[in-house]
Amino acid sequence: MVSSKPDLDLLVTNALEEDLGQRGADITTEAVVDPKLMGEAVIVAKQPGVLSGANAAARVFELVSPAGDYHALLADGARLKAGDQVATVSGPLASILTAERTALNFLQRMSGIATVTRRYADALAPFPKVMLLDTRKTTPGLRFLERAAVRAGGGHNHRDGLWDAILIKDNHVAAAGGVTAAIERARRARMPVEVEVDTLEQLGEALDAGAETILLDNMSPELMRRSVEITAGRARLEASGGMTPEGAVAAAKAGVDRISVGALTHSAPALVLSLEVTKTWR
């Protein structure tokens, strides 16, 4: 579920306030730039990748005072080449310069996630029945944007958070005294159950207890293949744990239904974009 616009506005407002500090001012721009000077700038990709975060970047320019105008030239999900123009921005030049870094921070972070996700999605293209999923390993406060970036890159979202799906992890199993006991207790929520296992013995317990989805944690490709054979369609199987693109392909070849990758969000490097002023006028 994508967060509503008020959540985005609050996030953007907080980000601008963080940059403007207690004085609420961009003191360099105030000292150097005539407040009456108007301008236009272009946002340019400096390296290949996949675009995401345009909605957040646009709100930065709209919420800075006085407001600027963000005009998207490419949509989220677009594949970028170095030198591609992503958007133009027009309005008071001082506002453009004040908003520049905050807007680029959103664009670069989300485009980085979309780019990494696309790398995994392309690697899994020969396996169209396998679903690529993100995880809860997101930046606090940015999950709704980072989840959107995963979708822009061709991936899918796992559960929204702790509130909307049952996922029994290893610590839950330890606390309950075993896989079977954990699943039996989770049934009180009257929701489908997913449980994490890391051995074939635990897999058998999960199957006997009727888990709808079983997460194979850090299993080798051979153990995943054996898990697929043992399960024989009785539950969905999800592979996870340190997944590289090559590891994801190996898991897909083993026959799992889903692959969840924390690296889509927790390890994605920012995609480099820049804002360049193209003209000014009064």
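**Sheets and helices**

A: Start with helix α4, which lies across β1, β3, β5 and β12 and runs at about 155 degrees to β12. Keep in mind that this is a predicted model.

Q: Which other helix lies across β1, β3, β5 and β12?
A: Helix α3, residues 54-63, lies across those strands, and its direction is at about 155 degrees to β3.

Q: What's the strand order in that sheet?
A: The order is β3-β5-β1-β12, in an open sheet of 4 strands with antiparallel pairing. β3 and β12 (273-281) are at the edges with a single partner strand each, so one side of each has no neighbour in the sheet. From one strand to the next, the twist averages 20 degrees.

Q: How many bridges join β1 to β5?
A: There are 7 bridges between β1 (residues 38-45) and β5 (residues 85-92), and the two strands run antiparallel. As one landmark, Ala41 has Val89 in β5 as its bridge partner.

Q: And how many between β3 and β5?
A: β3 (residues 69-72) is joined to β5 by 4 bridges, again antiparallel. His71 stands opposite Thr88 in β5, and Ala72 has Ala87 in β5 as its bridge partner.

Q: OK, the other sheet. How many strands form it, and in what order?
A: That open sheet has 6 strands in the order β6-β11-β10-β9-β8-β7, and the pairing is parallel. Its edge strands are β6 (131-133) and β7 (166-168), each of which pairs on one side only. The twist there averages 25 degrees from one strand to the next.

Q: Give me one pair from it. How many bridges do β9 and β10 have?
A: β9 (residues 213-217) and β10 (residues 236-240) pair over 5 bridges in the parallel sense. One to look at is Asp217, whose bridge partner in β10 is Ser240.

Q: Switching to helix packing. At what angle do α9 and α10 pack?
A: α9 (residues 221-231) and α10 (residues 245-254) pack at about 30 degrees, and their axes are 8 Å apart. Angles under 35 degrees count as roughly parallel, and α9 and α10 are therefore roughly parallel to each other. Their crossing is right-handed.

Q: Which residues meet there?
A: From α9, Pro221, Met224, Arg225 and Val228 meet Ala250, Ala251 and Ala254 of α10. The contact of α9 with α10 has 6 nonpolar, no polar and 1 charged residues.

Q: Which residues of α10 are buried?
A: Pro245, Ala248, Val249, Ala251, Ala252 and Ala254 are the buried residues of α10.

Q: What do the buried residues of α10 pack against?
A: They pack against α4 (93-123), α9, β10 and β11 (258-260).

Q: What follows α10?
A: Gly255 follows α10, and its phi is positive, near 105 degrees.

Q: Last pair: how far apart are the axes of α7 and α8?
A: The axes of α7 (residues 179-186) and α8 (residues 200-208) are 9 Å apart, and the helices pack at an angle of about 30 degrees. α7 and α8 are therefore roughly parallel to each other. The crossing of α7 and α8 is right-handed.

Q: And what makes the contact?
A: α7 contributes Val179, Thr180 and Ile183, while α8 contributes Gln202, Glu205 and Ala206. By class, the contact of α7 with α8 has 3 nonpolar, 2 polar and 1 charged residues.

Terms used. Residues are numbered from 1 along each chain as its sequence is written. This is a predicted model: local features need pLDDT of at least 70, side-chain atom pairs count only at pLDDT 80 or more; totals for chains, interfaces and linings use all residues. Side-chain values use heavy atoms; hydrogens and water are left out. Axes are lines fitted to C-alpha atoms, for helices over the stretch in contact, and angles run from 0 to 180 degrees between N-to-C directions. Angles under 35 degrees count as roughly parallel, over 145 as roughly antiparallel, 65 to 115 as roughly perpendicular and the rest as oblique. A crossing is left-handed if the near helix is turned anticlockwise from the far one by less than a right angle, and right-handed if clockwise. Contact means heavy atoms within 4.5 Å. Ala, Val, Leu, Ile, Met, Phe, Trp, Tyr, Cys and Pro count as nonpolar, Asp, Glu, Lys and Arg as charged, and the others, Gly among them, as polar. Two strands pair if DSSP finds at least two bridges between them. Buried means under 20% relative accessible area, exposed over 50%, partly exposed in between (1.4 Å probe, protein chains only).
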